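I opened my notebook to get to know a new structure.

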Amino acid sequence: MDSFELTKIAAAVLSALLLIFFPKTLIEMGRSGHHGSAESGYTLPVATATPAGGPKETAPTAFDATAVVAMIAMAKPENGAGTFKKCLSCHSAEKGAAAKVGPNLWNVVGRNKGSTEFGGYSEAMKAKASEQWTFANLASFLHNPKGYLPGTKMLFPGVPDATDLADLVAYIRTLSDSPASLH
């Protein structure tokens with residue numbers, strides 16, 4: 001192959017690229033509504049100066065179980081069923097099903113804490129055996145298990161969003177032959 005043939009091949013490749021990209025560029029320029037921009041490129045974010053004392057830390061908002069309980073009436077249990085799938089790795093939820101790593105959650109609302117035949121309750125849960133699971137304390141526990149019950153064996157980190165939490169508690173409420181009253 002001589003240099004003239006290589007020149008023809010290079011010219012053909014460059015012409016093909018020009019035919020591909022030039023019309024595309026013209027079409028994009030026409031769609032944008034203007035043929036040139038006063039500013040081009042990307043504007044980088046500018047860091048704002050922090051006060052001399054350093055950045056202000058905002059206190060985390062306190063969890064309000066009462067607000068979550070009020071949301072249960074309007075909650076969507078079908079959305080809570082999606083969140084509950086995380087629970088199924090450790091808990092069963094069918095009537096009469098055997099416990100897994102954690103106790104069966106069928107009919108948990110209104111049941112005494114740590115009261116099923118499940119033998120793996122933490123000492124902290126056993127100490128609460130005289131208390132019943134209400135919507136409020138169930139919401140508090142599911143929001144932050146280790147904060148609500150220090151010493152619990154439950155490894156679940158919690159549900160931070162109040163709407164998701166209300167949906168989850170509404171779904172757990174349905175895990176019963178006769179779901180607990182909301183009033």
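Among contacts in the protein between residues at least 6 apart in sequence, what percentage join residues at least 24 apart? I found 48%, where contact means heavy atoms within 4.5 Å.

A note on ground rules before I go on. This is a predicted model, in which local features need pLDDT of at least 70 and side-chain atom pairs count only at pLDDT 80 or more, while totals for chains, interfaces and linings use all residues. Residues are numbered from 1 along each chain as its sequence is written, and side-chain values use heavy atoms, with hydrogens and water left out.

**Overall make-up.** I listed 7 helices and 0 strands in the protein. Helices here are DSSP runs (H or I, at least four residues), strands are runs of E of at least two, and both are numbered from the N terminus. Along the sequence I read α-α-α-α-α-α-α. The protein has 183 residues, and 27% of them count as buried; buried means under 20% relative accessible area, exposed over 50%, and partly exposed in between (1.4 Å probe, protein chains only).

**Helices α2 and α7.** Next I looked at how α2 (residues 65-72) meets α7 (residues 162-173): their axes come within 9 Å and cross at roughly 60°. I call α2 oblique to α7 because of that angle: under 35 degrees is roughly parallel, over 145 roughly antiparallel, 65 to 115 roughly perpendicular, and the rest oblique. From α2, I noted Val-68, Met-71 and Ile-72; they meet residues of α7 including Leu-165, Ala-166 and Val-169. By class, this contact has 8 nonpolar, 1 polar and no charged residues.

**Thr-116.** I found Thr-116 in the loop between α3 (77-84) and α4 (123-126). Is Thr-116 buried or exposed? Thr-116 is buried, at a relative accessible area of 18%. Its side chain makes a polar contact with the side chain of Tyr-121 at 2.7 Å. For a polar contact I need a pair of N or O atoms within 3.5 Å; within protein, one must be able to donate a hydrogen and the other to accept it, and residues adjacent in sequence count only if both atoms are side-chain atoms.

**Asn-107.** I then turned to Asn-107, also placed in the loop between α3 and α4. Asn-107 is partly exposed, with a relative accessible area of 38%. Which side chain does the side chain of Asn-107 make a polar contact with? I noted Ser-176, at 2.9 Å.

Methods. Axes fitted to C-alpha atoms, helices over the stretch in contact; angles between N-to-C directions. Nonpolar A, V, L, I, M, F, W, Y, C, P; charged D, E, K, R; others polar.
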